[in-house]
Amino acid sequence: MTCAVRESGGGWRCAGVRWPREVPELGWSRGGDRRVSVLAYGAGLGFRAVGERHCVGARGNVCPLGAVVPGRSTGGRCAECARLDRAHSVAADTMADDPRTYRVYLAWFGPGMVKVGITGEERGAARLREQGAVAFSWLGRGPLMAARRTEEVLRAALGVPDRIPYAKKRAVRGQLPGPEERAGAVAELYARAAALEGRGWPESLERLPLEVVDQVGIFGLDRAPDPDPDPDPAPVRSVRESAPAPVRAVRELVDGGVVAGRLVAAAGPDLHLAVADGGVVVLDTRLITGWDLTAVTRTAEVTEVPGSDVRVPLIDIGGGGVQGGLF
């Protein structure tokens, strides 16, 4: 069984999930050192948070203040590091002379949830996996400012946003329509966008053909855990047609709080963990950045809490209140 959590005795802190390839990885940092743990669906994952949560710094640099940040912050940065990180991002429009080629994409996250965005061509589809896009298609490629201008034109003309809250993505992830409907939604958006070519669309942006990429399989959303797993199962689990809908999400970590379960799916920063009561809990890994984590096992440190693999505050994904507080 793969354990994806490193001991904190050496000072390693989790940097969250990344998607450089079609499998999720947990990043780890200690000063200027970086490491990754490749995650596997069906494998166990468990950890205990220790001490206080500290700022993760900006642009690969350690926070000079070592600032403590709130447990519910998905940014995991103090105000100054957040400002520095934002100032050097593509979204800040401070890199007009960037010589790299960018791509414009159209992404679908669920019924009624589509967006337009841009990403560096050399990154491939990593950005789409990081956002948890269920399906997408490229629309065009060209210089940064042409891609940015196209994004703005499409947002205004088609009435689509440039970002969708993760809470909304989670709420529909367990009830996705079939692949034909997903592909049809992307194709319909592509047709509307392509019809705008020549009407505010920069000439330096090359239109790319429609090619819908469906990421349900990559995210493991077509899988489900064995309904009655034994305490120490083999890494390969049985597969059903669709994953059970998660109904709870971790709200924040606390000192001494434990999260443990079996990884059944992952999308964007979210890990879907099957827990002992048969349910699925979503862990937004942006909430675990900046924490020192120690590894735990389900049998040794979690089963003391009957019916659950989680002892941190949870919240109903549907928008309700906290379920059970600390347990």
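## A first residue: D316

D316 counts as partly exposed, because its relative accessibility is 28%, and partly exposed lies between the 20% limit for buried and the 50% limit for exposed. This residue sits in strand β15, which covers residues 314–316. The C-alpha atom of D316 is separated by 9.7 Å from that of A171. Along the chain, D316 and A171 are 145 residues apart.

## The whole protein

The model is predicted. The protein has 327 residues, and buried residues make up 48% of them. Its secondary structure comes to seven helices and 15 strands.

The accessible surface comes to about 14600 Å². Carbon and sulfur atoms account for 52% of that surface.

Start with β12, residues 270–274. Five of its five residues are buried, so the strand is mostly covered. D270, H272 and A274 point one way from β12, and L271 and L273 point the other way. In a regular strand, side chains alternate between the two faces of the sheet.

Strand β11 covers residues 258–267 and pairs with β12 in the antiparallel sense, over five bridges. A266 is the bridge partner of L271 in β12. The two strands form a hairpin with two residues between them. In that turn, G268 has a positive phi of about 60°.

## β13 and its two partners

Strand β13 covers residues 280–284. Five of its five residues are buried, so the rest of the structure largely encloses it. V280, V282 and D284 point one way from β13, while V281 and L283 point the other way.

Which strand pairs with β13 in the antiparallel sense? It is β12, over five bridges. L271 has L283 of β13 as its bridge partner. The hairpin of β12 and β13 has five residues between the strands. Within this hairpin, G278 takes a positive phi near 90°.

Strand β10, residues 248–250, pairs with β13 in the parallel sense. Two bridges join β10 and β13.

L45 lies in strand β4, residues 44–50. Its relative accessible area is 4%, so L45 is buried. L45 and L273 are 228 residues apart in sequence, but their C-alpha atoms are 8.2 Å apart in space. L273 belongs to β12 and is buried too.

T289 sits in the loop between β13 and β14. Leaving aside residues up to four places away in sequence, T289 touches C14, A15, G16, R53, V56 and G76.

Helix α3 has 15 residues, 144–158. From first C-alpha to last, α3 reaches 21 Å, close to the 21 Å expected at 1.5 Å a residue. Its buried residues are L144, A146, A147, R148, T150, E151, V153, L154 and L158. These pack against β5, β6, β7 and α5. Just after the helix, G159 takes a positive phi of about 70°.

Helix α5 covers residues 179–194. Its 16 residues should span 22 Å at 1.5 Å a residue, and its end C-alpha atoms are 22 Å apart, which agrees. R182, V186, L189, Y190, A193 and A194 are buried in α5. Seen down the axis, the buried residues of α5 fall within an arc of 135°, so they line one face of the helix. On the other side of α5, E180 and E181 are exposed.

## The nonpolar cores

The largest nonpolar core has 56 residues. Which of them touch the most other members? They are L154, L253, V259 and L293. L154 is also one of the buried residues of α3.

L253 touches residues from several parts of the sequence, including F47, A49, G71, V259, L287, I288, W291, L293 and V312. A second, separate core has eleven residues, among them M113, L128, F136 and L208. In soluble globular proteins, nonpolar side chains tend to be buried together.

Technical notes: Residues are numbered from 1 along each chain as its sequence is written. This is a predicted model: local features need pLDDT of at least 70, side-chain atom pairs count only at pLDDT 80 or more; totals for chains, interfaces and linings use all residues. Side-chain values use heavy atoms; hydrogens and water are left out. Helices (H or I, at least four residues) and strands (E, at least two) are DSSP runs, numbered from the N terminus. The expected span of a helix is 1.5 Å times one less than its number of residues. Buried means under 20% relative accessible area, exposed over 50%, partly exposed in between (1.4 Å probe, protein chains only). Contact means heavy atoms within 4.5 Å. Two strands pair if DSSP finds at least two bridges between them. A nonpolar core is a set of buried Ala, Val, Leu, Ile, Met, Phe, Trp, Tyr and Cys residues joined through side-chain atoms within 4.5 Å. The arc is that of the directions from the helix axis to the C-beta atoms. Accessible areas come from the Shrake-Rupley method with a 1.4 Å probe; for residues, only the protein chains shown count as cover.
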